[in-house]
Amino acid sequence: MSLFDVAFYVLAFITVGSAIVVVSSRNIIYSAFALLFTFFGVAGLYVLLNADFIAVTQVLIYVGGILVLIIFGVMLTTKVFDVPVKTETLHVGPAIVVTGAIMGTLFGVILKTKWFDILNVQWDGTTKKIGERLMTDFLLPFEVASVVLLVALLGAVIIARRERVKS
Amino acid sequence: MNQNTLILLAILALLLPFLGFVLLIFWGRKRLPRQGDVIETGLVLGSLVLSFIIFFNKILYFPNPIEWKFEWVNFGFVENWGEMKITLGILIDNLSATMLVVVTVVSSLVHIFSIGYMKDDVRYSRYFAYLGFFTFSMLGIVLTNNFFTMYVFWELVGVSSYLLIGHWYEKKSASDAAKKAFIVNRVGDFGFFVGIMIIWASLKTFNFGEVFAGIEQGKLSGGLLTAAGILVFCGAIGKSAQFPLHVWLPDAMEGPTPVSALIHAATMVAAGVYLTARTYAMMSADALTFIAYIGAVTAFIAATIAITQTDIKRVLAYSTISQLGYMTMALGSGAYVAGFFHLVTHAAFKAGLFLGSGSVIHAMHHALHKIHDHHTDPQDIRNMGGLKKKMPITYYTFLIYTLAISGIPLTSGFLSKDSILAGAFAFGKLSGHTAIPLIGFFVAGLTAFYMFRLLILTFHGEPKRKDIFEHIHESPKVMVVPLIILAVLSLWFIFGPNPFDASATWVEKYIHKPESVVPHEQQFEFNLPKEGVLVTEYEHALHEAHIPAMLLSLGMAGLGILFAFLTYQWGKISAEKVANALKPVYTFLKNKWYFDELYQNTFVLATLGISKFARWFDIKVIDGIVDGSAHLTKLWSFSVGKFDWNIIDGLVNLLAYITGFFGYITRLLQNGKVQTYIIYVVFAVIVLFYIFLG
Amino acid sequence: MQILGIGILTWIVFLPIVAMIFVLLVPKGRETWIKWISVVATGLQVILAAVLLLNYRYDLAGVNTLEGFQFVEKYRWIDVSGVAWFGRIVIDYFLGVDGLSMPMVVLTALISFIGAIASWELPKTKGYYALYLLLDTGMMGVFVALDFFLFYIFWEVMLLPMYFLIGIWGGPRREYAAIKFFIYTLLGSVLMLLVMIGLYFSTSIIDPVTGEKVHTFNMLAMMDPKNYEPGSIFSGLHTTWRYIAYIALFIGFAIKVPIVPFHTWLPDAHVEAPTPISVILAGVLLKMGTYGMLRISFPIFPDGMIKYALPMAILGFINIVYGALAAMAQEDFKKLIAYSSISHMGYVVLGMAALNTQGVTGAIMQMFNHGTITAMLFLIVGVLYDRAHTRGLYEFGGLANQMPKYFGIVIIAFFAALGLPGLSGFISEAFVFLGAFQTYKWIAIFSATGVIITAGYILWTTQRLFFGQLPERWKNLPDINARELVTLVPLAIIVIFLGVYPSPLINLMNTSVNHLVKFVSEMGQAGMQLGILP
Amino acid sequence: MLVNLSGLKSVGLEHFLIIGAILFSLGIYAVVTRKNAIMVLMGIELILNSANINFIAFSKYSTADLSGHLAAIFVIILAAAEAAIAIAIVLNIYKNFLTINIDEIDNLKR
């Protein structure tokens with residue numbers, strides 16, 4: 001059991017454990033915070049996978065952006081002080097069955113499959129390479145993504161804008 | 001003057017009255033002067049002049065018949081027939097020439113008389129138009145050379161008679177009489193037409209000459225020939241008011257009196273006799289016997305009825321029927337010339353009688369009008385009497401006519417009647433049908449009796465209604481002149497120099513009995529020429545019968561006159577007592593032998609009944625079946641509809657229900673919650689995964 | 001003969017359709033245009049008919065020979081191969097006239113024209129005239145079609161507008177009358193259709209275009225026994241199937257005539273229909289039945305005709321007498337005229353059954369004359385009804401003084417109807433009787449009694465309407481007006497002219513009639529002699 | 001934790017895939033069960049993360065190039081955009097319905 005393995009298991013534990021908390025916690029605030037740990041765990045896993053740029057991006061965007069956004073959403077839509085921020089669940093039974101089924105299926109598939117050509121490449125740093133490829137092969141998706149982001153920004157603003165003319 | 005000119009004149013004479021009709025019917029009432037009466041009268045007078053020209057030319061210069069034909073319709077060549085065509089035309093022989101004169105003379109006089117009589121009538125112009133139309137049709141009958149146009153004009157005469165009888169159509173009785181006249185005539189015409197059909201089918205022609213020639217060749221003989229003869233005579237039965245179709249003529253007196261004179265006394269009713277004379281050659285012995293009996297029966301029935309009638313015109317009407325029966329009887333019994341002679345003389349004096357009665361009625365009418373009496377019948381002889389003083393001209397002319405019709409010497413009637421009776425006498429003797437001369441002589445007496453009864457009651461004695469009598473005046477000149485002319489025409493010298501010898505008259509001289517074309521075995525034996533003998537048995541008998549018949553008829557007439565005077569003038573015999581003594585007979589006669597009632601209750605009611613039944617049958621049975629089948633169809637479709645509703649629709653509904661059930665189930669899944677759908681999606685993905693990869 | 005490159009018969013048939021399109025295009029509120037278009041179109045039809053008459057050759061017979069037909073137009077209309085088990089279907093657009101159809105074409109043109117004028121005052125002008133013109137095309141087409149299929153199509157085309165014209169513009173019981181008319185006629189059509197199909201599969205001719213043997217609807221081909229395929233249903237002569245077909249066809253046409261007992265649609269339809277439609281119905285439509293017999297039944301089934309001539313003559317007799325009797329019992333003026341139509345069509349049937357020159361000539365003349373006379377009669381009823389709004393015979397009286405002109409016209413029409421010599425009705429009746437007498441003596445004699453009954457009800461009606469005292473309520477009835485006179489006077493002139501001088505009409509049909517009689521009697525008897533009896 | 005510890009092989013592709021699968025399943029579970037829209041959103045983030053893990057893992061062990069990384073970048077970009085929009089929508093929903101419980105917003109059914 002190498003250090004790599006140990007690190008993996010630790011990170012896997014953090015990720016899965018916190019994800020379970022996200023899913024199972026009744027309090028939405030707890031879920032949000034547990035999600036923070038999940039994101040960190042995932043970022044760690046990225047590091048293990050030699051994906052330094054992605055790991056950083058993960059932390060920056062998910063933790064710094066999305067999670068903050070989610071917490072804002074929670075804050076804005078939940079009367080934190082009056083009413084318990086507990087959320088209700090519905091059809092838990094079918095959900096467990098279905099998710100169990102899908103998880104079992106995925107596990108079966110993953111374990112049964114003979115994964116060919118295990119390379120296990122080690123990169124020295126991916127940032128530069130990613131940048132190059134973004135500017136060459138993936139230029140169009142890159143630009144489209146920027147447009148999408150812009151539109152999403154505008155859309156979000158318009159949708160969430162408070163209508164003043166309302167009586 | 002050649003034949004063609006004569007034909008041309010004949011056509012002109014035929015068309016002149018028609019021209020008058022056309023002018024008057026379109027422009028008469030408003031445009032023409034005096035509503036056109038003068039025009040029409042003038043045209044008929046023109047016709048009269050032409051007729052005289054034709055008449056004298058014909059009998060003086062043309063011994064043979066003049067005929068003109070034209071092809072009217074051509075059917076081309078026809079299988080089993082040959083060249084099928086219908087030729088029409090005009091035939092002028094002595095018979096038609098004489099008749100032409102008779103018709104135009106009477107017609108002209110009636111026209112003139114009408115100017116006075118019909119004055120102030122509402123439909124004055126139309127009246128003259130119809131008179132013109134009648135004259136045209138009557139001349140058509142006279143001049144035609146074939147059965148077809150004979151029938152055509154026959155019917156046209158019927159129509160003009162219909163229109164004239166119904167001239168005062170506001171009166172129900174007038175329009176009823178007109179209708180009756182036409183329909184009864186149609187019955188006779190039906191027989192006539194069937195006869196024509198037989199002739200056409202067997203002889204392929206309508207032309208008189210060709211028909212007779214064909215019969216002579218034996219193309220039509222036996223029972224069919226007799227049938228054809230009798231059926232053609234049926235036309236005469238209708239038009240000449242012979243028994244059993246005589247019922248229309250008395251009713252026809254509803255028309256204006258001059259019309260009665262022209263149509264229902266002198267000309268149209270004589271057309272039947274004329275037709276019989278025309279077709280005389282084709283009459284077989286059986287047909288002739290039939291004709292003779294019809295004539296005799298008619299003469300007898302009508303004479304008996306005439307005795308009891310009180311309406312001046314009805315008496316004359318029955319007398320007309322009786323005289324027509326006489327003529328028919330004469331023709332049937334072989335006295336061809338006598339029959340026709342009587343037609344001619346009768347035309348004059350009967351027209352005169354009617355016009356005379358018209359003059360009386362006219363006077364009565366005006367008198368009643370003066371005293372504002374609108375209920376008294378101006379035609380009833382029981383209201384008259386003593387008119388002799390007030391209307392002398394009318395009286396004396398009327399007297400002459402009465403003498404003529406009674407067959408008193410010095411009148412034309414004596415000449416013709418005597419010949420008829422002689423013929424009947426000979427016929428009765430030879431054929432054994434003694435009833436015919438017996439009836440003949442008896443009716444001669446009756447005729448004298450009822451005619452003098454009429455004369456005495458009307459003109460002699462004391463006036464029965466003084467108030468009316470006060471206002472009676474002699475008729476105007478325009479009415480009196482025709483009376484005088486007709487009276488002159490009723491005297492012997494018009495016809496022949498000897499007042500006692502009919503054979504010396506021009507009628508006997510120029511009109512000859514046509515040779516019969518009937519096969520010998522179908523003729524009377526006594527009519528057949530014998531070898532070595534110049535005259536037939538019949539002619540011989542006729543000659544022998546002359547003097548006895550003359551004496552006997554004179555005796556009968558004298559008796560009749562005597563009784564009339566005894567009863568009505570001198571009051572020796574009370575008419576009422578006699579009537580009461582013979583009550584049933586009197587009632588029977590008074591009611592005209594109940595013919596009208598008989599026909600009404602049999603033929604008319606039966607026809608109406610059948611027609612009602614036909615209507616009922618149509619509505620209830622045929623339409624019942626139609627509607628019934630429609631209902632059945634509806635019922636069937638209704639049950640099909642039920643079936644549809646319950647069974648087929650049931651199935652459909654079941655299907656729909658099942659679908660709905662599944663839909664309901666599915667709807668349960670479809671709860672509108674996104675997350676539920678996501679479960680389905682994921683589940684489906686798993687299932688699909690296992691399906692494709694499992 | 002062509003006008004603008006189109007055959008004159010096509011013109012005469014389809015001119016009304018063209019006019020109908022114009023009528024439909026007329027904007028709202030211009031009803032007068034519609035009327036004038038229709039009148040002009042039907043008037044042009046009359047002119048075309050006159051042109052036909054002027055160019056007509058009197059020496060050609062027609063009937064069963066193509067060469068004998070005139071103004072022939074023959075084009076391939078439908079030619080479809082491989083239609084299921086039918087094989088190749090060939091239908092020709094085949095028009096032509098001969099002596100049998102020429103009088104009817106003239107009559108149709110004339111009556112349509114007069115009907116169009118008489119329709120002037122009817123409501124819902126556009127729909128009415130459109131249907132009227134369509135009807136006109138149908139009628140004209142029936143009389144000139146020489147292809148059975150085409151004939152059938154025109155026959156049906158006529159049916160539908162008639163249904164609506166009665167059903168919409170009719171009197172109070174119009175729906176009943178329209179449906180009755182429609183179903184009755186449809187029954188006849190079905191029988192005709194069955195026979196037509198049977199004939200189609202029995203006959204075959206060499207197609208001139210491709211040279212192969214094809215079935216045909218050509219009527220002329222159906223008249224020639226050589227064209228019948230051996231073993232087919234109608235081959236041979238005097239077979240049971242042919243008799244059945246003849247009877248079926250006869251009933252099909254008899255409904256239209258109408259022959260008792262298939263006649264009850266007629267009184268209802270006539271009474272309910274508006275005046276011009278009654279005129280068309282009686283003036284033209286009834287003749288289609290008898291025309292169909294002459295054109296189709298007789299020459300195609302001469303054997304059946306000969307065999308059933310006697311029953312046909314008896315039916316003619318029944319029609320005459322029964323119609324007249326039923327007419328006598330009517331209280332409705334129009335119904336009386338309707339029944340008189342039945343009676344008068346009986347003469348046609350009797351004349352045709354006689355199957356000799358005079359009888360058939362009389363029959364066709366009666367078709368023509370009845371067309372004109374009965375048109376007059378219905379117009380006359382219309383005139384009275386328009387003024388008094390009632391047709392009860394018992395309600396009138398004394399109109400002769402109130403409406404003298406009307407009375408004059410009525411007298412002409414009435415006397416023509418009762419067969420007064422000098423008017424056209426007499427000539428045809430006389431010829432019918434003269435013809436019938438040669439073949440069936442007793443039937444002719446008994447039928448002639450119908451003349452007496454006719455006189456009875458006609459005179460009775462005259463008396464009811466015109467004589468006697470005028471009831472107070474009719475004191476203000478106006479006399480006949482100019483437009484009505486325009487419709488009636490031409491007919492009256494024709495009635496009088498043909499009554500005095502019928503030769504023009506007789507010459508028109510004579511060659512054809514003689515040929516038809518010869519052809520039918522020879523063909524019908526040929527089979528008997530050959531002993532091809534079943 | 002279905003990993004067989006006794007025969008533990010060194011950490012490789014499978015391990016990361018398993019983590020991805022677990023996260024995916026948990027994400028699905030959150031999306032399906034939670035009423036709160038924001039919780040649903042969190043579930044979606046989990047799913048996206050699981051996908052990213054897979055991309056990166058395959059990139060390292062299987063394809064040996066950076067395509068996976070790039071895909072992951074785009075996923076992250078879209079996730080960011082999606083989160084922004086989603087939150088905006090949620091706020092809007094809250095404004096209109098005064099709740100963000102999805103089961104109460106069943107307009108689809110009507």
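I will go through the chains, then a helix pair, then some individual residues. Keep in mind throughout that this is a predicted model.

Let me begin with chain A. The chain has six helices and zero strands, so read from the N terminus its elements simply go α-α-α-α-α-α. Chain A has 167 residues, and 29% of them count as buried. As for contacts inside the chain, take those between residues at least 6 apart in sequence: 58% of these join residues at least 24 apart.

Now, which chains share the most contacts? Four pairs of chains are in contact, and among these chains A and D share the most. On that interface, 72 residues of chain A meet 63 residues of chain D. On the chain A side, at least two residues come from each of these: helix H1 (3–24), helix H2 (28–48), helix H3 (52–77), helix H4 (92–112), helix H5 (127–135) and helix H6 (139–160). The largest share is that of H3(A), with 14 residues. If you sort the chain A side by class, you get 50 nonpolar, 17 polar and five charged residues.

Two pairs of chains do not touch. Chains A and C have no contact, and their closest C-alpha atoms are 53 Å apart. Chains C and D have no contact either, with 49 Å between their closest C-alpha atoms.

Next is chain C, and a pair of helices in it. Helix H6 of chain C covers residues 174–202, and its axis comes within 8 Å of the axis of H8(C). How do the two helices run relative to each other? Their axes cross at roughly 150°. The cut-off for roughly antiparallel is over 145 degrees, and therefore H6(C) and H8(C) count as roughly antiparallel to each other. The crossing of H6(C) and H8(C) is left-handed. On the H6(C) side, the residues making the contact include C:Tyr184, C:Leu187, C:Gly188, C:Leu191 and C:Val195. On the H8(C) side they include C:Ala245, C:Ala248, C:Leu249, C:Gly252 and C:Phe253. By class, this contact has twelve nonpolar, five polar and one charged residues.

H8(C) spans 240–256, helix H9 of chain C spans 265–272, and C:Pro261 is in the loop between them. The peptide bond from C:Val260 to C:Pro261 is cis, with omega near 10°.

Chain B has a cis bond as well, from B:Phe243 to B:Pro244, with omega near 5°. B:Pro244 is also a loop residue, placed between helix H8 (222–239) and helix H9 (248–251) of chain B.

Then there are two residues to check for phi. In chain C, C:His389 has phi near 60°, a positive value in a residue other than glycine. C:His389 sits in the loop between helix H14 (357–388) and helix H15 (399–402) of chain C. Is C:His389 buried or exposed? It is exposed, because there are 7 other C-beta atoms within 10 Å, and the cut-off for exposed is 12 or fewer.

In chain B, the residue is B:Trp593, again with a positive phi, near 60°, and again not a glycine. B:Trp593 lies in the loop between helix H24 (583–590) and helix H25 (595–669) of chain B. B:Trp593 has 17 C-beta neighbours inside 10 Å, so this residue counts as partly exposed.

B:Phe212 counts as buried because it has 20 C-beta neighbours inside 10 Å, and 20 or more is the cut-off. What does B:Phe212 touch? Leaving out residues up to four places away in sequence, its contacts are B:Ala281, B:Met282 and B:Val517. B:Thr279 is 67 residues from B:Phe212 along the chain, and the C-alpha atoms of the two are separated by 8.6 Å.

Last, the domains of chain B. The domain assignment gives domain 1 as 335–573 and domain 2 as 599–690. The C-alpha centres of these two domains of chain B lie 88 Å apart.

That is what I have. I am happy to go back to any of the residues on the screen.

Definitions and conventions. Residues are numbered from 1 along each chain as its sequence is written. Chains are lettered from A and ligands numbered from 1 in the order in which they are written. This is a predicted model: local features need pLDDT of at least 70, side-chain atom pairs count only at pLDDT 80 or more; totals for chains, interfaces and linings use all residues. Helices (H or I, at least four residues) and strands (E, at least two) are DSSP runs, numbered from the N terminus. Axes are lines fitted to C-alpha atoms, for helices over the stretch in contact, and angles run from 0 to 180 degrees between N-to-C directions. Angles under 35 degrees count as roughly parallel, over 145 as roughly antiparallel, 65 to 115 as roughly perpendicular and the rest as oblique. A crossing is left-handed if the near helix is turned anticlockwise from the far one by less than a right angle, and right-handed if clockwise. Two residues are in contact if their C-beta atoms, placed from the backbone, lie within 7 Å. Ala, Val, Leu, Ile, Met, Phe, Trp, Tyr, Cys and Pro count as nonpolar, Asp, Glu, Lys and Arg as charged, and the others, Gly among them, as polar. Domain bounds come from an automatic or database domain assignment.
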